[in-house]
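Please read it alongside the structure shown below.

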Amino acid sequence: MPASPSTARAINDRVALRLLQQEGPLTAGQLKQLTGLSRPTVADLVERLTAAGLIEVVGESGEQRRGPNARLYGIVADRAQLAALDVRTEGVSVVVSDLLGRELARASVPIADDTGTGPAVEQAVTLVERAAKEAGAERLHTVGVGAPGLIDPATGELRDSSGLPEWHRRLVAALQERLPARVIVENETNLAALAEQRDGAARDRDTFVLLWLGHGTGAAVVLDGRLRRGASGGTGEIGFLPVPGTSTLPSATDCEGGFHSLAGSAAIAELAAGHGLVATAVSPGEPEAAALVRQAVATLSSPSASPSPSPSASSGADRFLSALADRLAIGAASVVAVLDPGCVVLGGEVGQVGGEVLAARVGERLARMSPLPVEVRASALGGGAVLRGALLTARESAQDDLFAPRSR
């Protein structure tokens, strides 16, 4: 059945808004060309969207053109302000942006292990409130939160997870009470995968697996363009994957003995120490493993970058990266054998600093271990992918709400 006039208008409006989001400011003529709509229809939708406060004239298309046909229309960026949170066991980072994703404020706060649940929640919520105030946001529309642990697919809530602080779960409720705003919670690794697909190493892939390598380990699975969460929200809990090379097996409440024992930051630091490597983190909160991998790659790539370059230092760095690649290939091979993703992104801080040097070594080992073709890539966004993914999620949600047709 043909769409009713009101439905057709709503569809046209959303198409135009998405084009303005993706392409930036456009003239009415450019909207006509890109949408295939008639000139009168485009004129009507421009008038509707302007009256609704969703778009505005932001300039003209060229010095030689004047008048209505030269006006450039763009989305009203300050129609809504958004926030994105990266919640870690050691602290919280926040970014506040406008509706187009342009950053307005950024802040972070460390939260010590011995901080009580109440004080920890208060520190985190206060951080968001201060960042919003700095950005000039009287009211946040949507907040995207990336956190470790399982997200209940039925309720969207962060589930109880062993090893994670209680304040993580309390934080979400506190944000909803204090802001107020729509709060969306997603697993941190899933958000990192969304960011890598949109802006990072997987831009050309609609099927891939991101292997998170930071303080801990995790994986995110994107198949046919869709993020897969599993029946209980636990897809990608690769830290619990039983693997050879550990002294025990993981349990339902402890990933010790699983892949985490080979590829978590503490395990990588221990491996590096065995090869005589030492390094200092370049930023607060950076996993020790990332600093060590960065130093090893720098030593191999440019011996002069090492504080005390020597053949033995280069040899130690080479052996360390080879041993690390062996470990990562074990976990990656299991994922490849089950999912056949065609591409594995080494994500997180460790994956980013390992770069092509580490990715190539893992790829070589996978080629020997698996009959399935797979490309291994280094993260382009590293640890920042979580915040980026949370912001993208918040922006999509806000735009879906604001761009939805209103009843008349």
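**Sheet and helix packing**

Leu82 stands opposite Thr142 in S6. The model is predicted. Strand S6 covers residues 140-147 and runs parallel to strand S3, residues 81-88. The two are joined by 6 bridges.

**The sheet**

- The open sheet has 5 strands, ordered S5-S4-S3-S6-S7.
- Its pairing is mixed.
- S5 (103-110) and S7 (182-187) are the edge strands, and each has a single partner strand, so one side of each lacks a neighbour in the sheet.
- From one strand to the next, the twist averages 15°.
- Strands of a sheet pair through backbone hydrogen bonds, in parallel or antiparallel fashion.

**A helix across the sheet**

- Helix H5, residues 167-178, lies across S3, S4 (91-98), S6 and S7.
- H5 runs at about 165° to S3.

**The H8 and H9 pair**

- Two packed helices are described by the angle and the distance between their axes.
- Helix H8 spans residues 265-274, and helix H9 spans residues 288-301.
- Their axes come within 8 Å and cross at roughly 40°, which makes H8 oblique to H9.
- The crossing of H8 past H9 is left-handed.
- On the H8 side, the contact involves Ser265, Ile268, Ala269 and Ala272.
- On the H9 side, Glu288, Ala289, Leu292 and Val293 meet them.
- By class, this contact of H8 with H9 has 6 nonpolar residues, 1 polar and 1 charged.

Notes:
Residues are numbered from 1 along each chain as its sequence is written. This is a predicted model: local features need pLDDT of at least 70, side-chain atom pairs count only at pLDDT 80 or more; totals for chains, interfaces and linings use all residues. Side-chain values use heavy atoms; hydrogens and water are left out. Axes are lines fitted to C-alpha atoms, for helices over the stretch in contact, and angles run from 0 to 180 degrees between N-to-C directions. Helices (H or I, at least four residues) and strands (E, at least two) are DSSP runs, numbered from the N terminus. Angles under 35 degrees count as roughly parallel, over 145 as roughly antiparallel, 65 to 115 as roughly perpendicular and the rest as oblique. A crossing is left-handed if the near helix is turned anticlockwise from the far one by less than a right angle, and right-handed if clockwise. Contact means heavy atoms within 4.5 Å. Ala, Val, Leu, Ile, Met, Phe, Trp, Tyr, Cys and Pro count as nonpolar, Asp, Glu, Lys and Arg as charged, and the others, Gly among them, as polar. Two strands pair if DSSP finds at least two bridges between them.
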